[in-house]
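I'd like to walk you through some helix packing and then some salt bridges.

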Amino acid sequence: MFAAKNEFSSLKGKELLITGGAGMLGSSIAQFAVPAGAKVTVLDNMAPLYGGNLYNLHGIAAQVRFVKGDIRDQKLVSQLVRGKDLIFNLAAQVSYIDSNLDPFLDLDVNCKGHLTVLEACRLHNPAARLIFASSRFVYGRIERNPVREDHPFNCLSVYGVHKLAGERYCQFYHEKHGLEALIFRIANPYGPRQQMKHGKYGILNWFIRQALEGKPLTIYGDGRQARDYIYNDDIVRGMLLGAMSKIPYDVFNIGSGTGTAFGDMARLIAEHVGGVEVVPRPWPKERYFVETGDYVGDISKIRKALSWEPKVSIAEGVARTVAYYREHCARYGFKAYSAASKGVITSSARRASGAKRRG
């Protein structure tokens with residue numbers, strides 16, 4: 001799970017602040033950084049809807065300073081940024097669906113919250129280096145694939161608009177105040193430690209929960225829409241390499257660089273879990289507004305700048321993630337079932353059985 005010790009040896013003795021640090025990506029950064037000798041502070045408001053889970057810090061909790069709080073709390077954030085070498089600003093309202101239903105909450109967290117962190121750095125720690133988690137949703141409707149960093153911004157959600165605003169804040173504070181900042185536009189993240197409460201974000205992980213509970217996996221339309229699924233450890237490696245680099249400011253796509261059809265992703269999960277069906281359904285009208293079209297990220301820029309490559313294929317990543325939640329599902333609020341105990345037969349098994357009878 002962890003990177004080779006020497007890959008991040010320069011983190012030894014560094015002071016890190018990770019906002020949203022009990023979520024999937026934040027906790028994974030901590031899981032890499034603590035063994036490398038970094039001194040880690042985690043800030044998370046543990047809001048029930050989002051991904052904060054103290055079990056994500058299992059194994060390193062005693063070596064991490066955990067602070068329950070919110071990035072909108074100016075006094076608290078001003079205290080926490082002091083003395084930090086690296087600030088990973090990951091806290092966010094992360095549901096693009098909810099952003100369109102409650103745009104003011106998204107504005108408050110994803111604009112005011114990030115502005116609070118940047119202003120605290122300007123006032124109390126201008127030498128800090130900041131890593132900002134942005135999203136492929138800044139691109140919105142896709143005009144051409146693979147998507148480079150200079151692709152037009154055709155936002156289809158308030159979430160995408162506000163993530164883009166967060167990027168612009170980082171750019172402004174770099175150009176006006178000299179704050180070093182790297183921005184990572186994350187494709188479709190998945191992997192261990194992601195929340196499993198609902199499917200409003202992290203659809204691959206949600207499908208894994210559905211499958212482990214023995215429920216069918218519903219795909220809309222023909223399932224051919226391509227997505228760029230990126231395993232969380234690969235994202236974290238890229239962010240850490242960026243944090244340790246000397247690049248003062250830049251924007252990077254981070255993804256696998258490979259498109260996987262939505263239906264193929266669902267079938268891959270069904271095969272790994274066993275005992276579940278993949279069921280096609282017509283597109284609900286209310287979901288059209290968030291469908292961006294195929295997305296495959298161009299990752300040539302990050303490859304060249306940071307000598308980074310994604311290491312985990314989707315097949316391996318799904319296998320790892322299924323295994324993690326089979327073992328730890330109770331920590332994430334659900335119970336896995338045994339397909340064999342329920343006598344469930346997959347559609348592929350039915351086809352194989354039918355072929356044998358016909359033969």
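**Helix packing and salt bridges**

Let's start with helix α2 (residues 74–81) and helix α4 (residues 103–124), which pack at an angle of about 45 degrees with their axes 9 Å apart. That makes α2 oblique to α4. The contact itself uses Gln74, Val77, Ser78 and Val81 from α2, and Lys112, Thr116, Val117, Ala120, Cys121 and His124 from α4. Sorted by class, that's five nonpolar, four polar and one charged residues. And the crossing of α2 and α4 is right-handed.

Quick housekeeping before I go on. This is a predicted model, so local features need pLDDT of at least 70 and side-chain atom pairs count only at pLDDT 80 or more, while totals for chains, interfaces and linings use all residues. Residues are numbered from 1 along each chain as its sequence is written, and side-chain values use heavy atoms, with hydrogens and water left out.

Helices are DSSP runs of H or I with at least four residues, strands are E runs of at least two, and both are numbered from the N terminus. Axes are lines fitted to C-alpha atoms, for helices over the stretch in contact, and angles run from 0 to 180 degrees between N-to-C directions. Under 35 degrees is roughly parallel, over 145 roughly antiparallel, 65 to 115 roughly perpendicular, and the rest oblique. Contact means heavy atoms within 4.5 Å. For handedness, right-handed means the near helix is turned clockwise from the far one by less than a right angle, and left-handed means anticlockwise. On classes, Ala, Val, Leu, Ile, Met, Phe, Trp, Tyr, Cys and Pro are nonpolar, Asp, Glu, Lys and Arg are charged, and the others, Gly among them, are polar.

Buried or exposed? At 10% relative accessibility, Asn125 counts as buried (under 20% relative accessible area; exposed is over 50%, partly exposed in between, with a 1.4 Å probe and protein chains only). Setting aside neighbours within four places in sequence, Asn125 touches Val81, Arg82, Gly83, Lys84 and Ala120.

Now the second packing pair. Helix α1 (residues 24–33) and α7 pack at an angle of about 65 degrees, with axes 9 Å apart. That makes α1 roughly perpendicular to α7. Here the crossing is right-handed. From α1 we have Met24, Leu25, Ser28, Ile29 and Phe32, meeting Asn232, Asp233, Ile235, Val236, Arg237, Met239 and Leu240 of α7. By class, that contact has eight nonpolar, two polar and two charged residues.

How many salt bridges does the structure hold? It's 17, counting a side-chain nitrogen of Lys or Arg within 4 Å of a carboxyl oxygen of Asp or Glu. Arg237 pairs with Asp234, closest N and O atoms 3.5 Å apart, and both residues are buried. Because they sit three residues apart in helix α7 (residues 232–244), about one helical turn separates Asp234 and Arg237. Glu7 joins those two in a network of salt bridges.

Arg122 is partly exposed at 32% relative accessibility, and Glu119 is partly exposed at 24%.

Last one: Arg185 and Glu167 form a salt bridge, 2.7 Å from N to O. This pair links distant parts of the chain, with Arg185 in strand β6 (residues 180–186) and Glu167 in helix α5 (residues 158–177), 18 residues apart. Both Arg185 and Glu167 are buried.
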